[in-house]
Amino acid sequence: MYLASFTFTVAVLPVLLLCYYFIPAKGKTAFLLVCSFLIYAWGAPVRALYLLAYLGFDYGMGLLLEFARPHRTTSTFLLGGSAVLQVAVMTTVREFAAAGGLLFPFGIAIYTLQGLGYLIGIYRGRHPASRNFLHLALYLSFFPMLYAGPVVNYLEFNEQMQKRQCNIICLSEGLALFIQGLAEKVVLADTFGYMFRELRAAGSLSMLTAWLMTISFAMYLYFELLGYSEMARGLGKAFGFDLPKNFNHPFFTPSITSFMQSWNITLLLWFQTNFRHFLFGKVEKKWQKYAVIILTWVFIGGFYGMRVQFLLWGLAIGVLVTIEQLVIAPLLNQRYLLGMIYTALLMQFVWVLFFAENLTEVGYVWRTMLGFGSGIADQNGLYFFTSYIALILLGLYVATDLFRNISDRIGTTAFGRAVDRLKPIWHGLLMIFCLASMLYGERAAGLWLLL
Amino acid sequence: MKEHKRHHQMVVTIAAVYLVVLIGTIVNIVRSGVTWPEQADLTNGTWAQAVEEQLTEHLGFHDSLFRIKSRTDLFFGEKMVQGVYVTDDMLLEKLYPVDASPEQMAEAPNRFFEQTGVPTFLMLVPSASAIYEERLPANAVNAEQKELIRETYAATANGVRCLDAYQALAALKNEYIYYRTDTHWTCYGAYAAYKNAIQKMGFSAVPYQRYVISHLTPDFRGDLYERTLYGGVKPDMLDYYIYEQGGAVTSVKAYDADGTEHDRGSTLYDMQMLRTDDKYRFYLGAPCAKLVIRTNVESGKRLLLFKDDFADCMVPFLLQHYSEICVVDLGCIEDISAVDTDGYSQALFLCSVGNWDKQ
C-alpha cells in the first residue's frame, strides 16, 4: 500500500493513529510491527516473506557475528558473505520482480541497506547485536521508511524507540509534516512526472523542450523522494520517532559537492560510514582518496537500481565532485551566484544520465539542450511552458529555503503571528487539496524508482 | 499553554477534514453500492488495486474535490483536464497518434472483401479535435488524422470503396456537427456524412427538408463532461430525425456474443437510456454483438454494418434504403470472419479514428 493512496490516507491512517494512541505503552512496539507487516503485505502477501527472510537472517547473523567477533577472519568472512548474499538477492529480486509490477517488494533496497548497516555496526563493535527480535524487526520493517527512506542508523533508531513519546505535540507536528509531504508528492511530483512523461513521449525535441524535460524530471525526482521522506518523517513523528531529514534544499546550492550533500542525506551518510570509511578508511594517498570517492558514488548510483545509467550517473557525480574539489573550488570561492548558476546548469545535464534509456538518448538530449537539435522552441515546448510555468515557479520556490526565511522573518511581527495562528486552517485546506489532487489518477503512476 | 492550544487546533482541524470525507465516502458507498471486479485476487495485488479504485470512485465529495483541483489547474495556466482540452466553446479530446499503420487499419475491410466478395465500403470518421484544430488552445499538440485517413484509404484493396467523411464534415464546421461536451458527432454531422456516402452506395439521399427534427433533451452533457466535470461549456441538445413518409422499422432483434436473442420490439430508440449517464446510447440501445433491424423498405437490399458507436446515430438515416441492416459492433466481437455474410448485398465499415486504439 502506497502512502499517497486513498487506501492509506483515508481508510488506514486515522484508524492506525487512533489505535496507537489508545494502546498501552507496552504494546505499542508490537502494534507498530504488526501494522508495518500488514501494510507491507497488503494485497501481495508474498512481499512479507522477503521481509521475514531478511529479518530472520539479520537477527541470526547479528548474534553469530557478535559471537564470532574475537575471531577476526571468521567474522570478516561471515560479514562479507552476508553482504554479498544480501546484495545479490536484492539485485535479483529487483530485476525479476520489476516486471511483475504489483508484487514488487518495495523498500527492499532500503531494508537491505539498514540490515547491512546493522551487521557492519556489530562487526565494528559500535553496538551489540539485538537480543530483542521485536526491536530489530521494527527497525527493519518500520513502514514509513520503506518507500524512500530516510535510511536510519540502528543505534539512532533504537534510542528513538526507547525514549519515544506520544503526546498532542507529536501528533499535531507529525500530521502537519505528513500533509506537507503528501502535498509535495501528489501536487508537485505527480504533475512534474506527468509533464516529464508527456514531453519525453513526444519524440522530437527542441532546445526549449529538452530543458523543460530535464527540469521537470529533476523536480519530479526531487519531490517524489522528498515527499515520501517527509511523509515518513511526519508519520514517524506522529508515532513518537524523530527521523532525520533526508533532503536539505539541494537546488540553488553553490557547488555540486554541496548539492549532493543536501540530496538524499541519510543515504550518503550510510555510504560514507559503512562503505567509504569502513572499507577504505586507511587509504592515504591523495589519488586513492579520490578514487574511493568516485567508487562510492558509483555504488550510490547502484542503490537506485542496477542499471547502467544509474551507475553512469554515480560515476559522473563522483568525477564532477573530484574535479570540483581539485580545480573549481578555488575559482568559486566566495562567488555564490556564479557557483549557483554553474551547479544548476551542470546538474541538468547530469540528470539526463539518470532517466535516459540508453547512451544514444543521452547524446541526443545533451545535443538538443546545447542548441544543436531541431530548433530553439517547438509547439510542444511552448504549450507546456505556458501551461506549467506557474507550477515550475512554485516548484522552484518550494525547493529553495525561501519559505523558511520568510516565515522566520515575519514570525515575530503581528502578521507573522496571525499567519501562525491560522496554521491549522492552512493545513486543513492543504489536506483537502491533496485529496483533490489524488483524484487525478492517471498522473499518479506508481514509483518510477524501484527502491 | 498557548502553544498546546495551537496543537489541539491542528489535530482537531485535520480530524474534522477526515471525518467529513470519511462520512461522505461511507454515504456514497451505501448509496451506490460497490461493484467488485471478479478477477480481484488477494494474493497478486489486484485485490488491493480494486480497493483503491473503489475508494477513488466513491470518495466523499468526489466531484467537488475534482472540480477544486481542475479549476485551480486551469486558473494557473493548464489548458487540459484529464486529456481533454478545455475551451470556452467546447471540450476537445487530445488526440494521440494511433498505434497502427494505415495498412493495419485497412486490413479488416480488405480481408473481409477478399474472403466474401461482398461489395465493401469503408468510412473513417475524424474526431472533433481534428476538424476543429483552430479551436484548440495555442500550441496544443494533437495527433493528425486527415493524412492518416487519406493513407488508410490509399491502402485499401481494389474493390473496397472509401467514403469520405472528413471533407463533408470540414465543409460544415460552422454548423452543429459535433457535440460540445461529447466525443461523438451530432445527428446533423452524421447526416452530412450519410448524404455524401449514400450516393456512392447507389442510392439517393433523403433531402434534409423531409425530416422533422425533435429535441429530446436540451441539457445533454456527454462523456467529455464526465471526464472533466467542467460546467463552463454550454450543454448539448440531443435530437432525433423523423421521416414520416419514409420507411419504418418493423423489428429489432439484438444478439449477445453467444447468440442469445433479445427482442427489442419495433423501435431503434431506447428511451430508458435518457435517464442514465450514457444518454448517447439512446440511438441504438445498449451495445450488443449483433443487432438485426428489419424495415418495410422494399428495395430488397441488405446491409452488413461493422461499426463503433459513431454509427449509432447514422443508422436511422441508412435504414431508409435497406430492408434489413445487420449491425455488428466491432467493440463487442472478437473476430469478424465468424459473422454470417450470406445474402448481404453490401457491407460498410464505419469507425472513428479516435476510437481505433480502444478496440
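Two strands pair if DSSP finds at least two bridges between them. Helices (H or I, at least four residues) and strands (E, at least two) are DSSP runs, numbered from the N terminus. In this predicted model, local features need pLDDT of at least 70, side-chain atom pairs count only at pLDDT 80 or more, and totals for chains, interfaces and linings use all residues. Residues are numbered from 1 along each chain as its sequence is written.

**The sheet of chain B**

Strand 10 (residues 290-295) and strand 12 (residues 324-329) of chain B run antiparallel, joined by five bridges. B:Ile293 stands opposite B:Ile325 in strand 12 of chain B. An open sheet of eight strands in chain B has mixed pairing and the order 5-4-13-11-12-10-8-9. Its edges are strand 5 (160-162) and strand 9 (261-263) of chain B; each has a single partner strand, so one side of each is left without a neighbour in the sheet.

**Where the chains meet**

Contact means heavy atoms within 4.5 Å. Chain A gives 49 residues to it and chain B gives 50 residues. Helix 8 of chain A gives the most to the side of chain A that touches chain B, with eleven residues. Other elements there include those in the table.

| Element of chain A | Residues |
|---|---|
| Helix 1 | 6-22 |
| Helix 16 | 379-399 |
| Helix 18 | 414-421 |
| Helix 19 | 423-438 |

The rule finds one salt bridge across this interface. A salt bridge is a side-chain nitrogen of Lys or Arg within 4 Å of a carboxyl oxygen of Asp or Glu. The side chains of B:Lys94 and A:Glu198 meet in a salt bridge, at 3.4 Å from N to O.

Technical notes: Chains lettered and ligands numbered in written order. Heavy atoms only, no water.
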